[in-house]
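Please read the following with the sequence and the model open side by side. The text begins with the boundary between two parts of the chain and then turns to single places along it.

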Amino acid sequence: MCGIVGLFLKNPKLEPQLGALLADMLKTMTDRGPDSAGFAVYGSDGAGVKLTLRGPDAKALEAAVSGLEGALGGSVSATARDTHSVIALASDQEEKARAWLSANAPGIDVVSAGKRMEIYKETGLPENVARRFDLSKMTGTHGIGHTRMATESAVTTNGAHPFSTGLDECLVHNGSLSNHNDMRRRLQHEGITFATKNDTEVAAGYLSWRMREGASLKDALESSLTDLDGFFTFVVGTESGFAVVRDPIACKPAVMAETDDYVAFGSEYRALIGLPGIDKARVFEPEPAKVYAWERH
């Protein structure tokens with residue numbers, strides 16, 4: 001049992017409140033996932049690419065950033081948040097930076113990459129994880145979050161969601177996939193790489209592959225209903241999009257709310273009750289095997 005939340009803002013006036021609203025939604029889902037939590041926030045557009053790094057402590061992250069500066073031949077802009085650090089690079093520096101980190105910075109993981117997306121995740125109660133990364137002060141257009149109850153694997157940061165396998169792409173998941181090992185092998189042959197054995201990362205990789213081949217986010221999710229076996233609810237973020245899909249059985253709880261100002265998702269309605277204007281929202285349960293998708297313009 002896990003908790004999922006998501007918030008896609010239509011009204012730019014709400015963007016300064018995104019982090020605070022998302023933090024409250026995550027906290028409300030604590031009893032569905034007290035072991036770890038994570039979230040992705042889509043903030044301001046960047047000229048290049050942002051890499052979110054995770055390390056054992058601030059000292060290790062500072063050493064990694066210092067080493068990158070030497071490898072790249074110039075200063076690297078870094079924003080440190082607890083065990084994570086977001087570095088800003090020119091787009092043509094990403095490959096070299098990843099290669100240097102892999103070879104010279106053991107214990108430093110690249111959590112995500114994107115022009116707008118930053119991902120943070122750690123073990124612990126959702127409220128504490130949100131506080132450690134100062135989520136309530138983050139701004140942006142949309143974000144998704146996850147609270148995890150570890151039922152099939154150990155409580156580790158590597159098991160926390162969201163998972164990202166593509167630029168500005170991420171996914172959170174409630175459920176279990178039965179064919180993830182076979183699908184992982186198929187995707188690896190297509191050039192998709194994985195950092196964990198988690199089935200959710202396979203779902204993220206599947207969508208990245210489909211979109212890399214030209215599918216829209218909605219089309220990729222529709223294909224997942226045929227190609228991914230198991231029971232699942234996915235909430236997905238891209239640079240401009242937000243989407244939800246449930247498997248054909250739809251045994252995992254889900255509720256959505258839409259107003260002129262936002263679209264919101266929660267595993268339970270109580271995750272949505274703190275949103276502005278929720279009393280006037282169109283509240284509904286997403287139908288099984290139907291993709292719901294929105295794009296920012």
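A salt bridge here is a side-chain nitrogen of Lys or Arg within 4 Å of a carboxyl oxygen of Asp or Glu. The model is predicted, and by this rule one salt bridge is found across the interface of domain 1 and domain 2. The partners are Arg132 and Asp82, whose side chains meet at 2.6 Å, N to O. That distance lies within the 4 Å cut-off, so the pair counts as a salt bridge.

The two domains are defined as follows. Domain 1 takes in residues 3-44 and 120-295, while domain 2 covers 46-115. Their C-alpha centres lie 24 Å apart. At the boundary, 14 residues of domain 1 are in contact with 15 residues of domain 2. The size of an interface is often given as the accessible area lost when the parts come together. For domain 1 and domain 2 the buried area is about 1200 Å², with 49% of it on carbon and sulfur atoms.

Polar contacts also cross this boundary: between domain 1 and domain 2 the count is eight residue pairs, with both residues at pLDDT 80 or more. On the side of domain 1 that touches domain 2, strands β7 (117-123) and β9 (163-166) each supply at least two residues. The largest share, three residues, comes from β7. By type, the residues of this side of domain 1 divide into four nonpolar, five polar and five charged.

Helix α7 spans residues 217-227, and its buried residues are Leu217, Ala220, Leu221, Ser224, Leu225 and Asp227.

Is Pro16 buried or exposed? Pro16 has a relative accessibility of 53% and therefore counts as exposed, the cut-off being over 50%. Glu15, at 25%, counts as partly exposed. Not counting residues up to four places away in sequence, Pro16 touches Met138 and Thr139. With the neighbours within four places set aside, Glu15 is in contact with Leu9, Thr139, Gly140 and Thr141. Pro16 and Trp294 are 278 residues apart in sequence, and their C-alpha atoms are 20 Å apart in space.

Some points of backbone geometry remain. Most residues other than glycine have a negative phi, and most peptide bonds are trans. The peptide bond from His161 to Pro162 is cis, with omega near 5 degrees. Pro162 is in the loop between β8 (142-148) and β9. Asp168 is not a glycine, yet its phi is positive, at about 60 degrees. Asp168 sits in the loop between β9 and β10 (169-177), and it counts as buried because its relative accessibility is 3%. Ala289 also is not a glycine and has a positive phi, of about 55 degrees. Ala289 is placed in the loop between β15 (282-284) and β16 (292-295) and is partly exposed, with a relative accessible area of 38%.

Conventions. Residues are numbered from 1 along each chain as its sequence is written. This is a predicted model: local features need pLDDT of at least 70, side-chain atom pairs count only at pLDDT 80 or more; totals for chains, interfaces and linings use all residues. Side-chain values use heavy atoms; hydrogens and water are left out. Domain bounds come from an automatic or database domain assignment. Contact means heavy atoms within 4.5 Å. Buried area is the accessible area (1.4 Å probe) that two parts lose on being put together, summed over both. A polar contact is a pair of N or O atoms within 3.5 Å; within protein, one must be able to donate a hydrogen and the other to accept it, and residues adjacent in sequence count only if both atoms are side-chain atoms. Helices (H or I, at least four residues) and strands (E, at least two) are DSSP runs, numbered from the N terminus. Ala, Val, Leu, Ile, Met, Phe, Trp, Tyr, Cys and Pro count as nonpolar, Asp, Glu, Lys and Arg as charged, and the others, Gly among them, as polar. Buried means under 20% relative accessible area, exposed over 50%, partly exposed in between (1.4 Å probe, protein chains only).
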